[in-house]
Amino acid sequence: MPLSAPNAQKIENFMMAHFGVLRSMITVPDVANFTARCKQKARGGSGSGTTLQFSGGWDELAVRLDAIQYFRNAIVHADSQKLAEIPQSLSALSSSLRSSMWAEKENSSWSLQMPHAVTAVRTAAAVFNTVAFTLYNAVGLDASDMAVLKPPDEVVPFNG
């Protein structure tokens with residue numbers, strides 16, 4: 001239950017409560033790096049966007065996860081008000097980060113499209129790899145065992 005509908009705060013709280021891992025101890029390993037699909041403008045679903053390499057730290061990965069959680073929550077609860085405009089907390093993001101999470105339409109509303117779905121699932125795989133790597137280190141296990149983790153690009157290939 002502590003990780004149902006997870007956002008960055010729930011993950012941080014879980015790792016702290018169960019393993020004593022502070023936010024500052026969360027390490028994004030190389031196996032969590034991925035290629036984000038970016039699409040600045042929504043034009044009727046055409047185009048697969050451009051690529052942008054994610055190789056950042058927990059702060060950026062957490063922002064990506066929180067954006068996904070916001071959209072998931074709005075869609076699951078059919079909250080059309082949440083879907084009407086981009087939330088203030090997300091609109092302050094850099095244009096490259098925004099365009100990897102959603103595309104702006106000509107009328108200034110926004111759209112989630114297939115390239116954004118690829119990035120969302122790759123982000124989830126990156127979060128999994130980051131949590132696994134951080135917990136392995138926290139409990140003193142040998143990080144060489146982490147070779148079983150697959151990079152997000154391999155978990156979620158893009159053929160578009």
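This is a predicted model: local features need pLDDT of at least 70, side-chain atom pairs count only at pLDDT 80 or more; totals for chains, interfaces and linings use all residues.

Biologist: How do you know that the length of α6 agrees with its number of residues?

Modeller: The expected span of a helix is 1.5 Å times one less than its number of residues. Helix α6 covers residues 114–138, which is 25 residues, so it should span 36 Å; its end C-alpha atoms are 36 Å apart, and the two values agree. The name itself rests on DSSP runs, numbered from the N terminus: helices are H or I runs of at least four residues, and strands are E runs of at least two.

Biologist: What span does α2 reach, and what is expected?

Modeller: With 19 residues, α2 reaches 26 Å from its first C-alpha to its last, close to the 27 Å expected. After α2 comes A78, whose phi is positive, near 50°.

Biologist: Why is Q69 called buried?

Modeller: Buried means under 20% relative accessible area, exposed means over 50%, and partly exposed lies in between (1.4 Å probe, protein chains only). Q69 has 13% relative accessibility, so it counts as buried. Q69 lies in helix α2 (residues 58–76), whose buried residues also include W58, L61 and F71.

Biologist: What does Q69 touch beyond its neighbours within four places in sequence?

Modeller: Q69 is in contact with A5, P6 and N7, where contact means heavy atoms within 4.5 Å.

Biologist: What makes A103 a buried residue?

Modeller: The relative accessibility of A103 is 0%, so A103 counts as buried. A103 belongs to strand β3 (residues 103–104). Leaving out residues up to four places away in sequence, A103 touches several others, among them K39, W110 and H116. The C-alpha atoms of A103 and K39 are separated by 5.6 Å, although the two residues are 64 residues apart along the chain.

Biologist: Why is the pair R23 and D59 called a salt bridge?

Modeller: A salt bridge is a side-chain nitrogen of Lys or Arg within 4 Å of a carboxyl oxygen of Asp or Glu. The side chains of R23 and D59 meet at 2.6 Å, N to O, so by that definition they form a salt bridge. R23 lies in the loop between α1 and β1 and D59 in helix α2, so the pair ties together parts that are 36 residues apart in sequence. By this rule the count comes to 4 salt bridges, and E12, R23 and D59 are linked in a network of them.

Biologist: Is R23 buried, partly exposed or exposed, and which of these is D59?

Modeller: R23 is partly exposed, with a relative accessible area of 43%, whereas D59, at 51%, counts as exposed.

Biologist: How far apart in helix α2 are R64 and E60?

Modeller: R64 and E60 are 4 residues apart in helix α2, so they are separated by about one helical turn. Their side chains meet in a salt bridge of 3.2 Å, N to O. R64 is buried, at 1% relative accessible area, while E60 is partly exposed, at 31%.

Biologist: Which parts of the chain does the salt bridge between D153 and R122 link?

Modeller: The side chains of D153 and R122 meet in a salt bridge of 3.4 Å, N to O. This pair links distant parts of the chain, with D153 in helix α7 (residues 152–155) and R122 in helix α6, 31 residues apart. D153 is partly exposed, at 27% relative accessible area, and R122 is buried, at 5%.

Biologist: What makes the link between T35 and D153 a polar contact?

Modeller: A polar contact is a pair of N or O atoms within 3.5 Å; within protein, one must be able to donate a hydrogen and the other to accept it, and residues adjacent in sequence count only if both atoms are side-chain atoms. The side chains of T35 and D153 make such a contact at 2.8 Å, and another, of 3.1 Å, joins the side chains of T35 and Q53. T35 is found in strand β1 and is buried, with a relative accessible area of 16%.

Note on methods:
Residues are numbered from 1 along each chain as its sequence is written. Side-chain values use heavy atoms; hydrogens and water are left out.
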